[in-house]
Amino acid sequence: MGDDEYHAMSKKGINLMEAGGIGYTVIDSIDTMLIMGLEEDYQRARQWVETKLSFEKDGVFNTFEVHFSSICKLRPLTCFIDNYPCPRWSYHLSGNDKLYLDRAIDLADRILPVFNTNSGLPWPQVNLAQKKGVPNSDYQAVVSTAEVSTLQLEFRYLSYLTDNEEYWEKAEDAMRVIKEAKMAHGLATIYMHVETGKYIPSAIRLGSRGDSYYEYMYDDAMEGIHRHLIQQSPNSKMIYTAELIPERTETGELNWHLSPKQDYLVCFFGGSLMLGATVAEAMVQPVSVPPKRKELTPNGIRDWVTGAALVKTCWDTHDTATGLSPEIVGAEPYAPPPYDARYILRPETVESLFIAFRLTGDVKYRNWGWSIFQAIEKHCKIETGGYASVLNVDEVPATWEDKMETFLMSETLKYLYLLFEDANVLPLDNS
């Protein structure tokens, strides 16, 4: 209890830093306990937060991981005070329990110094005890675009709760830098220069190190995504998002090569597009369930159709021997599994299924979600308790990796639960 991660096969917990853990698993799971009504478990978790949790750790932590990870892994500040659109609001769900607000303030004050850069973009790492931003050890001026563009929601909300404008100003300064660096097509490379605030030539993708940018810069990016990244496979006619890879010509000119690759992390995007169509591109509020064409703008219709198609594509990637989806591609049965053949209990597809069902009422999304849940129970669940990652989704019986990511409880199981809950439980149109 209180360790950062649980390893179900070896029945032990581990901390991710030598300086000690900060209770990632406990904190990540609190709002799920509240949503599910697990009162006994919740009280035990709350007591741990009150009596054991300490951020006085003299070690270098990833800023994004402490605050909110690039694969939507829920971290302390996010879990304590987060707000719409993702249902993960421990502070709100607890009835505004001051304990969580106090812990969030403590953590935020330790994180704030990461914004002390020439550009205003945050350093990628932080020493929580020293309250000091730390550069990347390998590429000191490089920061992930997803990481620097995903901090403002929680800091702005914390500013609202505390009347401390510094949280708001630091986050908004970073977003201003990102907006000023905007590329002509509205897309973003996955790396930025922390001192200049400019994009560094690198891949353009909606997956790792890029995903959160598109969640928070939605309006600016949708046109560019449809123009440059949305593709259709030649044989199965599935809609997917490709990647753009930079290449230098012999004369030094920068060209972009289209790579037909979509990783699992992109599967958040289908549901987000459908939600965006009914919010950002709606002619009326509230829209029907499902929305009528006349209720959406032309861009809204475009986003709705593309979003639904991407949700279907992500569901189709579960057509494997285990019924689980790989990180990127599958592998031949009984061959040594490549890294990308794993399933590590990720939530992105079920997140989109939850949103799609709420917006359409179409029971197929529940059916798909139930199939994924059954596959997780069959191939990932450890008999003595907990779950493990699967090394090769096309191999049965499955070979396990002794690792249970915290987002299993904070997101995957929560979205599956909400998929089958009534629409008045965390309604999408009420933040």
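User: What makes Asp-109, Asp-163, Glu-165, Glu-166, Glu-169 and Asp-173 a negative surface patch?

Analyst: In this predicted model, Asp-109, Asp-163, Glu-165, Glu-166, Glu-169 and Asp-173 form a negative surface patch. Asp and Glu count as negative. A patch takes residues with over 30% relative accessible area and no salt bridge, and joins like charges within 9 Å. The six names listed are grouped on that basis, so the term applies.

User: Which helix gives the largest share of the negative patch?

Analyst: Helix H9, residues 165-180, supplies four residues, the largest share. Glu-166 is found in H9.

User: Why is Glu-166 called partly exposed?

Analyst: Its relative accessibility is 38%. Partly exposed covers the range between the buried limit, under 20%, and the exposed limit, over 50%. Glu-166 therefore counts as partly exposed.

User: What makes Lys-98 and Asp-102 a salt bridge?

Analyst: The closest N and O atoms of Lys-98 and Asp-102 are 3.0 Å apart. The cut-off is 4 Å between a side-chain nitrogen of Lys or Arg and a carboxyl oxygen of Asp or Glu. The pair therefore qualifies. It belongs to a structure that holds 18 salt bridges.

User: Why are Lys-98 and Asp-102 separated by about one helical turn?

Analyst: Both lie in helix H6, residues 98-111, and they are four residues apart, which means a separation of about one helical turn. An α-helix has 3.6 residues a turn, so residues three or four places apart point the same way.

User: How do you know whether Lys-98 and Asp-102 are exposed or partly exposed?

Analyst: Lys-98 has a relative accessible area of 56%, and exposed means over 50%, so Lys-98 is exposed. Asp-102 is at 32%, and therefore counts as partly exposed.

User: What makes Glu-180 and Arg-176 a salt bridge?

Analyst: The closest N and O atoms of Glu-180 and Arg-176 are 3.6 Å apart, and the limit is 4 Å. The pair therefore counts as a salt bridge. Glu-180 and Arg-176 are four residues apart in helix H9, so about one helical turn separates them. Glu-180 is exposed at 57% relative accessible area, whereas Arg-176 is partly exposed at 39%.

User: How do you know that Glu-327 forms a salt bridge with Arg-342?

Analyst: The closest N and O atoms of Glu-327 and Arg-342 are 3.5 Å apart, and the cut-off is 4 Å. The pair links distant parts of the chain, 15 residues apart, with both residues in the loop between helix H13 (298-316) and helix H14 (348-360). Glu-327 and Arg-342 are both buried.

User: Which residues are linked in a network of salt bridges?

Analyst: Glu-223, Arg-227, Arg-302 and Asp-303 are linked in such a network.

User: Why are strand E10 and strand E11 said to pair?

Analyst: Strand E10, residues 243-248, and strand E11, residues 254-259, share six bridges in the antiparallel sense. Pairing requires at least two bridges, so E10 and E11 count as paired. Leu-244 has Leu-258 of E11 as its bridge partner, and Arg-248 has Leu-254. The hairpin of E10 and E11 has five residues between the strands, and there Gly-252 takes a positive phi near 90°.

Key
Residues are numbered from 1 along each chain as its sequence is written. This is a predicted model: local features need pLDDT of at least 70, side-chain atom pairs count only at pLDDT 80 or more; totals for chains, interfaces and linings use all residues. Side-chain values use heavy atoms; hydrogens and water are left out. Patches are made of residues with over 30% relative accessible area and no salt bridge: like charges are joined within 9 Å, nonpolar side chains (Val, Leu, Ile, Met, Phe, Trp, Tyr) within 5 Å. Accessible areas come from the Shrake-Rupley method with a 1.4 Å probe; for residues, only the protein chains shown count as cover. The place of a charge is taken as NZ of Lys, CZ of Arg, CG of Asp or CD of Glu. Helices (H or I, at least four residues) and strands (E, at least two) are DSSP runs, numbered from the N terminus. Buried means under 20% relative accessible area, exposed over 50%, partly exposed in between (1.4 Å probe, protein chains only).
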